[in-house]
Amino acid sequence: TCPNTSVQIGSVGNAGFTYAWQPAIGLNDPALSNPTATVAATTEFRVLITETASGCVNRDTVTVTVSAPVAAAGNDRAVCNGATVTLGSPAPAGTNWTYSWEPSNAAWTNGTGPTDAQPQVQFASASPQSFIVTVTDPLSNCVAKDTVVLSNTITAGEYAGAAVTTCQGAAVQLGREAEPFAQYEWFMADGVTPATGLSSNT
């Protein structure tokens, strides 16, 4: 099932029996024979079934498996017109999620396409363009969506990060997570002199 989607567990009860489910969190009524479970992660529920007349007890368990895909289209970013851009992120190992990118008729390149987890597209637009990925888990039919916006106008700090005030001699992290297959080179403020004082300027 999908996260926080209600599902019924147990079965229709019999007269003369009482039911006690654990954990009670996530159940609409732990005293029902077939309560409704709403959980965000895979949860095992245990039920204690007691016959009122004899006091005899039976126990059983049921697991509500939550299977949720993750959509990660990538960071919004500026790129040069005509550049090839890698979108998305690799499909997690062991999953069989399906991917659908929009617009499906974009200029996909290098043998990739709108059903790949990490397609490549040639960007050529005078205005920002949005790419939307829909990820579906066939096991649960759960769906996740994410959007990345590409533009040809860079904003201050987009790659270098925001200005930071720190103590003399203290280390500070610059930039952000690297884009797939991108190369980086850091310079001083003049844009010409190779950066110094960094753990690496590439």
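Two strands pair if DSSP finds at least two bridges between them. Strands here are DSSP runs (E, at least two residues), as helices are runs of H or I with at least four residues, numbered from the N terminus. In β10, Gln122 is the bridge partner of Thr84.

This is a predicted model: local features need pLDDT of at least 70, side-chain atom pairs count only at pLDDT 80 or more, and totals for chains, interfaces and linings use all residues. Residues are numbered from 1 along each chain as its sequence is written, and side-chain values use heavy atoms, with hydrogens and water left out.

**Sheet β2-β4-β5**

- An open sheet of 3 strands runs in the order β2-β4-β5, with antiparallel pairing.
- β2 (17-22) and β5 stand at the edges, each with a single partner strand, so one side of each has no neighbour in the sheet.
- On average, neighbouring strands of this sheet are turned by 20° against each other, direction ignored. Such axes are lines fitted to C-alpha atoms, for helices over the stretch in contact, and angles run from 0 to 180 degrees between N-to-C directions.
- β2 pairs with β4 (residues 43-51) in the antiparallel sense over 6 bridges.
- Within β4, Val47 is the bridge partner of Trp21.
- β4 and β5 also pair in the antiparallel sense, over 8 bridges.
- Thr63 in β5 is the bridge partner of Glu44.
- The hairpin of β4 and β5 has 5 residues between the strands, and Gly55 there takes a positive phi near 80°.
- In a regular strand the side chains alternate between the two faces of the sheet.

**Sheet β7-β10-β9**

- Another open sheet of 3 strands has the order β7-β10-β9, again with antiparallel pairing.
- Its edges are β7 (84-86) and β9 (108-109), each with a single partner strand, so one side of each is left without a neighbour in the sheet.
- β7 and β10 (residues 120-122) pair in the antiparallel sense over 3 bridges.

- Thr1 sits in the segment before β1 (7-8).
- Thr1 has a relative accessible area of 27%, so it is partly exposed. The classes are buried under 20% relative accessible area, exposed over 50%, and partly exposed in between (1.4 Å probe, protein chains only).
- Thr1 touches Val64, Thr65, Val66, Ser67, Ser140 and Cys142, leaving out residues up to four places away in sequence. Contact means heavy atoms within 4.5 Å.
- Thr1 and Leu139 are 138 residues apart in sequence, yet 8.4 Å apart in space, C-alpha to C-alpha.
- Ser67 lies in the loop between β5 (57-64) and β6 (77-78).
- Ser67 counts as buried because its relative accessibility is 14%.
- Ser67 touches Thr1, Asp137, Leu139, Ser140 and Cys142, again leaving out residues up to four places away in sequence.

**Nonpolar surface patch**

- Val164, Val172, Leu174 and Leu198 make a nonpolar surface patch of about 280 Å².
- Patches are made of residues with over 30% relative accessible area and no salt bridge; like charges are joined within 9 Å, and nonpolar side chains (Val, Leu, Ile, Met, Phe, Trp, Tyr) within 5 Å.
- A salt bridge is a side-chain nitrogen of Lys or Arg within 4 Å of a carboxyl oxygen of Asp or Glu.
- Accessible areas come from the Shrake-Rupley method with a 1.4 Å probe; for residues, only the protein chains shown count as cover.
- Leu174 is found in the segment after β12 (142-151).
- Leu174 is partly exposed, with a relative accessible area of 34%.

**Backbone exceptions**

- Most residues other than glycine have a negative phi, and most peptide bonds are trans.
- The peptide bond from Gln22 to Pro23 is cis, with omega near -10°.
- Pro23 is in the loop between β2 and β3 (36-37).
- The peptide bond from Glu102 to Pro103 is also cis, with omega near 0°.
- Pro103 has its place in the loop between β8 (98-102) and β9.
- Asn4 has a positive phi, near 60°, and is a residue other than glycine.
- Asn4 lies in the segment before β1. Its relative accessible area is 53%, so Asn4 is exposed.
- Asn110 is not a glycine, yet has a positive phi of about 55°.
- Asn110 lies in the loop between β9 and β10. With a relative accessible area of 62%, Asn110 is exposed.
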